[in-house]
Amino acid sequence: MKKFMDAKKPKNIFIDGPITAVFIAESIQKHSTKTNIGAHSIFLGQVRNDFIEGKTVAAIEYTAYEEMVLEQMHKIREAIFEKYDLTCMHVYHSLGIVAAGEISLFVFTSSQHRKPAIDACEEVVERIKKELPVWGREIFDDSTFQWKKNS
Amino acid sequence: MMKQINVLTFGAIREITGNKNLVIEAVDTTETLVKILEEKYPMLKTVQYAIAVNKEVIQHPVVLNDHADVALLPPFSGG
């Protein structure tokens, strides 16, 4: 645990626009040097083309209370490392416009064995949805919009 | 010197306040602040939001210090 405690400054998690497949692939590749890892768990949130009252969601525009997000995410990170035996964990969330079919959330946990990686990944995703002050504005194909409600 | 409270608005709430943050003077608690804001923007009474003081969500009214950041947070929809 101690080795993570010296992470004094909350890590930035924001990416402007969509999270690309290349970014995700490179992120996986970087872990090949950490040979004590035996399992990765990855969650990717993709913008869905919901059909609402005759209109289709074309994109979501994300805004956030950025400073609060980083503080809360730092707390989540510490709690997760306390609870699960993880080697590392990475979280990225989009800001700005992400089109339907593109990735807006990337959660990546790694461990020696699969169970902690999978369980930690799931818990982080749930906590992100519930606790981080981020808002999505659904933009429809006719350019109208509505504020998204998480299910 | 009067206390100055910074009110930060987000999401649907930000549209109610005309796309801006606010500075409210001479308020001592979140309770009074909400009253003032609801008088100024009656639409606030019709929407759901949580309140964060200096980036921590509060469950009960609290006393505000000078230059406190009070954020009005509509339901989160990230991810």
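Q: What makes strand S1 (residues 4-9) and strand S5 (residues 69-73) of chain B a pair?
A: Four bridges join S1(B) to S5(B), and the two strands run parallel; since two strands pair if DSSP finds at least two bridges between them, four bridges meet the definition. In this pair, Thr9(B) stands opposite Leu72(B) in S5(B). Strands here are DSSP runs of E with at least two residues, helices are runs of H or I with at least four, and both are numbered from the N terminus. This is a predicted model, in which local features need pLDDT of at least 70 and side-chain atom pairs count only at pLDDT 80 or more, while totals for chains, interfaces and linings use all residues. Residues are numbered from 1 along each chain as its sequence is written, and chains are lettered from A and ligands numbered from 1 in the order in which they are written.

Q: Why are strand S2 (22-25) and strand S4 (56-57) of chain B called edge strands?
A: The open sheet of chain B has five strands in the order S2-S1-S5-S3-S4, with mixed pairing. S2(B) and S4(B) are its edge strands because each pairs on one side only.

Q: How do you know that S4(A) and S7(A) pair, and in which sense?
A: Seven bridges link S4(A) and S7(A) in the antiparallel sense, and Gly136(A) in S7(A) is the bridge partner of Tyr62(A). S7(A) is also joined to strand S8 (residues 145-147) of chain A by three bridges, again antiparallel, with Ile139(A) opposite Phe145(A). S7(A) and S8(A) form a hairpin with four residues between them, where Ser143(A) in the turn has a positive phi of about 75°.

Q: What makes S7(A) mostly covered?
A: Five of the seven residues of S7(A) are buried; a residue is buried if 20 or more other C-beta atoms, placed from the backbone, lie within 10 Å of its own, exposed if 12 or fewer, and partly exposed in between.

Q: Which residues have the most contacts inside the largest nonpolar core?
A: They are Tyr65(A), Phe10(B) and Ala71(B), in a core of 46 residues. Such a core is a set of buried Ala, Val, Leu, Ile, Met, Phe, Trp, Tyr and Cys residues joined through C-beta atoms within 7 Å. Helix H4 (residues 114-131) of chain A gives the most to this core, with five residues.

Q: What does Tyr65(A) touch, not counting residues up to four places away in sequence?
A: Tyr65(A) touches Pro133(A), Leu8(B), Phe10(B), Ala71(B) and Leu73(B), where contact requires C-beta atoms, placed from the backbone, within 7 Å.

Terms used. Two residues are in contact if their C-beta atoms, placed from the backbone, lie within 7 Å.
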